[in-house]
Amino acid sequence: TRPRSATLRLVIGTMFFVAALFAKESGLVFVALLPLTQWTIQRRSPSGERWQPTRYLTGYVALAFCVLAYVAVRFWLLPASENYGIRVSESASHAAGTAIVAVGHYLLLFVYPHPLCADYRGVVAPLTSLADWRLWLSCMAIGALTGFVWWRRNASPLVAWGWAWFLISLVPVSN
């Protein structure tokens, strides 16, 4: 309930960000989600002020420094002893198509939550053809939801925030 200094908030927030990075690499999405969240909050502010990213420049620089330090530690000082990332395809278009199908699968889980598991390897079969119906159905679902979000963006900025949060959070784990 008492006011805290901006420096203390920055130090504590940065420490939690570093902890998140070392807990799971997908914590990197916070770098994109923080400005998105601050923009959304500003849009909802009754004062009507425009969002000014320079107002948060110190925090963004601290996060950028943390990301660079993390990348140096993770890939230079402590590299993995084995290659644990398995590519789903040698074709970049098939890999991207599989990622889109995975997003479609997550949207299906929202409507019909079965099967739920911690590891979805093997649940979404890799794409072997760009003519696969799963790709086009996923594209239609993503496109329809994106269109809806775009239509509602001014009346409900939180809808745009939530949809962007969902998509950004899936990027590091979509293979």
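Colour the protein chain by secondary structure and you will find six helices and zero strands (DSSP runs, H or I of at least four residues for helices and E of at least two for strands, numbered from the N terminus). This is a predicted model, where local features need pLDDT of at least 70, side-chain atom pairs count only at pLDDT 80 or more, and totals for chains, interfaces and linings use all residues. Residues are numbered from 1 along each chain as its sequence is written, and side-chain values use heavy atoms, with hydrogens and water left out.

Zoom out next: the C-alpha trace spans about 55 × 50 × 25 Å along its principal axes.

Now select phenylalanine 22 and tyrosine 70. Their ring centres are 5.1 Å apart with the planes at 70°, so this aromatic pair is edge-to-face (centres within 6.5 Å; planes under 30 degrees apart are stacked, over 60 edge-to-face, the rest tilted; for Trp the six-membered ring is used). Phenylalanine 22 belongs to helix α1 (residues 6–23) and tyrosine 70 to helix α3 (residues 57–77), so the pair ties together parts 48 residues apart in sequence. Is tyrosine 70 buried or exposed? At 4% relative accessibility, tyrosine 70 is buried (under 20% relative accessible area, with exposed over 50% and partly exposed in between; 1.4 Å probe, protein chains only).

Move on to phenylalanine 148 and tryptophan 151, a tilted pair at 5.9 Å centre to centre and 55° between planes. Both sit in helix α5 (residues 133–152), three residues apart, so about one helical turn separates them. Phenylalanine 148 is partly exposed at 41%, while tryptophan 151 is exposed at 64%.
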